[in-house]
Amino acid sequence: MELELNDLSPNPTMLRSDVLRHLTFTLGKDPDHASLYDWRMALSFAIRDRIVAPWFASTRRTWAQDQKRVYYLSMEFLIGRILEDATVNLGLKDMAEEIMAQFGQDFRAIVEDEPDAALGNGGLGRLAACFMESMATLGCPAYGYGIRYEHGLFRQRFEAGRQVETPEDWLKQTHPWEFARPEAAYTIPFKGHVEHHEGRDVWVPGETVIASAHDTPVVGWQGKWANTLRLWGAQPTTQFDLERFNRGDYAAAAEPEALARTLSRVLYPDDTTYQGKELRLKQEFFLTSAALQDILRRFLVSHTDLRDLPKYVAIQMNDTHPAIAGPELIRLLVDEHGMDFDTALETARGCLGYTNHTLLPEALERWATFTFGNVLPRHMQIVERIDSWHRQTYPSRPHYVGIVKHNEVRMGELAFIMAHKVNGVSALHSDLVKQNLFPELHRLHPDRIINQTNGVTPRRWLKMCNRPLAGLITETIGEGWEDDLDRLTGLEKPIRTKSFRDDFDAAKRQNKVALSNWIGQTQGILVSPDALFDVQIKRIHEYKRQLLNILETIAHWDQIRQNPRANWVPRVKIFGGKAAPGYAVAKEIIRLINDVATVVNNDPLTGDLLKIVYPENYNVSMAERLVPAADLSEQISTAGKEASGTGNMKFMMNGAPTIGTLDGANVEILQEVGEENFFLFGMTTQEAIARREDPDHARKAIEASQPLQDVLQMIAEGRFSPDQPDRYHELVRRVWDHDYFLVASDFDAFHAAQGRVDAVFADREAWVRMAAMNTARSGFFSSDRTIRSYMSDIWSVSSAL
């Protein structure tokens, strides 16, 4: 029996009534005594009601047409706030604003009361969220599978400039967008041993937990389709030991629950200890096993022959975290469903795709065989058998290539061998995956690696977060660009007119005024919206080179001090990002940035000519403030190290030219926008490789650069840490002696490029034209384009719309 949902159409009277109904009957409050939280929850439930109709309809259509589904496995889904995004995609934002105003409530305040879901860290998780929204927009039947982290990565705060990690608390309030699915629960085994019975290997687990599902509907543009993000929470197999409790051993009585919940408490627990490594591996298996058991259950509802699985199931492994999917799917097919090993291996490979996101060796996970075999003894057997099968099938495979080597299980090689397609995430990255990361496997499987350049959803990253610019675009080229971003090329002709450029500049300034006000209110720093807003927001890592940025900032500050009356372009340097808790060097860079900011921001000689802003706890919602207001996009990673980047695409879409290297998707941004609209600097990938061959490359670069020498000397003598002059001696020594990421070698080129930025920014007509051309030529970087390509080239899935 189908529920009638047509009365949830865009009707302001009905929406108003539903907000009041939820306020009264769901939250138990009356309007006179309702808090901001109550109003937010009431509106969220009313909007969620309107997502349920397309969600149910999409699910019914997929079942009725027996369509192939995509299953996207990711350790991260950095979805951000949902309320405003949902109202935009449903076309209800203006209506919601008006209705809440009738209740005397500010819609903006309500939106900002929603906590960011702490389900990710950086680009990997944000990409997964963009992909989920684009799959819904395109009518691609899909499930996203992740973990429902209670505390996420961590909440960042600064104490005396140092990063301090505290738990995220986003679930301390009810999460209104999810539906608990206690009926969708699966037993996840760990440890124990393997016994051999009647010709079969039988895993006897030593531990088990329950994976319990929580579903969040993900609605696409205009509400035509909705998919499901299914997150797993860990629960104990035995809830409570009453006998121990009655004996007075209260802590031990609750131990099963505490240990189980550990699996879904924190994203990326510190793995510098054995316990941390074991927990990470358990988390990855927990996610993957729960997802695969769910996939097989759904398939068997309407099919009987598991050999047909690849016809109806496409499983995408987002990086190596879910790489255990190959062995686990084989285990389920063989041990639970009686399929022979060779058929199971072929079936699994027909379903699995692998997206590689990194060229850094440390990010390609490797597990000690002791750890892997201890936590997953049955899978250790299966992995060795997969490795043996591959070696026998491809006898020309070099002896040093394989999954199990040097007492390690190599998850990158496992994912490659078990996937029918492997993709990089930018053209340069995909070439480097072939040439540098998996060269021998590529020679054995020359058609397996393909490119799928990343993208971002323009609904969130332009329509929602940049209302002034989105309005100007619609006024200029009409409606419909939101799901056909190539139409932005229609802006190129209007850009030639002064009236359009003035309107474009006014939209940017409106965003900059809003950001300036926010910085003043939250950071206590007064900045001018007429200054150049120079923004670098991303995970703090040596290869992303926040260190290069702050060193150049010091050089710029020193130049201003030497000649403060010169015609300087006022600049606001904005940083954002977190360092992994165990990454000491990255945390030192954070402290240096904050120490430099303290000195520069209080320097009366430079005054408003240079300010440094580093807000705490960078997240999606902060990015939605910073990206629309940015003038300059810092994409300065060492060439050959960034897989793609997606922040670069968001900045481009919002009219911020890039200063960057030939790395990741910067290469394609440069191709799209043209050299005249991009500030290029630095070595190429091949030049970087060649430079590292000289053991004295850093010292030679420093000795050839007086500005860099001066900067390093200032840091070393304690100019920015007068209370502890030797604080950064080790960091300075690393630049001199261990500069693997070539900060010194690219410093002068970066410094010169920043000079070119100042020169163009001083010419407002030239700058606005450049900024507007970045927006006009950003259509290629819509995640809709990326997902269409995945659908055709990897998943073989058709749109249901």
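Which residue stands opposite Arg-571 in β19? Leu-610 of β19 stands opposite Arg-571.

## Basis of the model

This is a predicted model, in which local features need pLDDT of at least 70, side-chain atom pairs count only at pLDDT 80 or more, and totals for chains, interfaces and linings use all residues. Residues are numbered from 1 along each chain as its sequence is written, and side-chain values use heavy atoms, with hydrogens and water left out.

Strand β18 covers residues 571–576, and six of its six residues are buried (under 20% relative accessible area, with a 1.4 Å probe and protein chains only; exposed is over 50%, partly exposed in between). Helices (H or I, at least four residues) and strands (E, at least two) are DSSP runs, numbered from the N terminus. In a regular strand the side chains alternate between the two faces of the sheet. In β18, Arg-571, Lys-573 and Phe-575 lie on one side and Val-572, Ile-574 and Gly-576 on the other, and all are buried.

Two strands count as paired if DSSP finds at least two bridges between them. β18 pairs in the parallel sense with β17 (residues 532–537) over six bridges, and Lys-573 is the bridge partner of Asp-534. From β17 the chain passes through helix α23 (residues 546–562) to β18 in a right-handed β-α-β crossover (with the strands pointing away from the viewer, the path from the first strand over the helix to the second runs clockwise). β18 also pairs in the parallel sense with β19 (residues 610–613), over four bridges; with helix α24 (residues 584–601), these two strands make a right-handed β-α-β unit.

## Second largest pocket

The second largest pocket has a volume of about 950 Å³, the space filled by probe spheres set on grid points joined across faces, edges and corners. A pocket is an open set of points on a 1 Å grid over the protein atoms alone, where a 1.4 Å probe fits, with protein on both sides within 12 Å along at least five of seven lines; lining residues have an atom within 4 Å of a point. Of its 34 lining residues, Arg-81, Arg-108, Glu-112, Ser-621 and Arg-625 are the closest to the centre. Helix α22 gives the largest share of the lining, seven residues.

## Cysteines

A disulfide is a pair of cysteine sulfur atoms within 2.5 Å, and the count by this rule is zero. For Cys-130, the nearest cysteine sulfur, that of Cys-465, is 11 Å away. Cys-130 is buried at 1% relative accessibility. The sulfur of Cys-351 is 15 Å from the closest cysteine sulfur, in Cys-140, which is too far for a bond.
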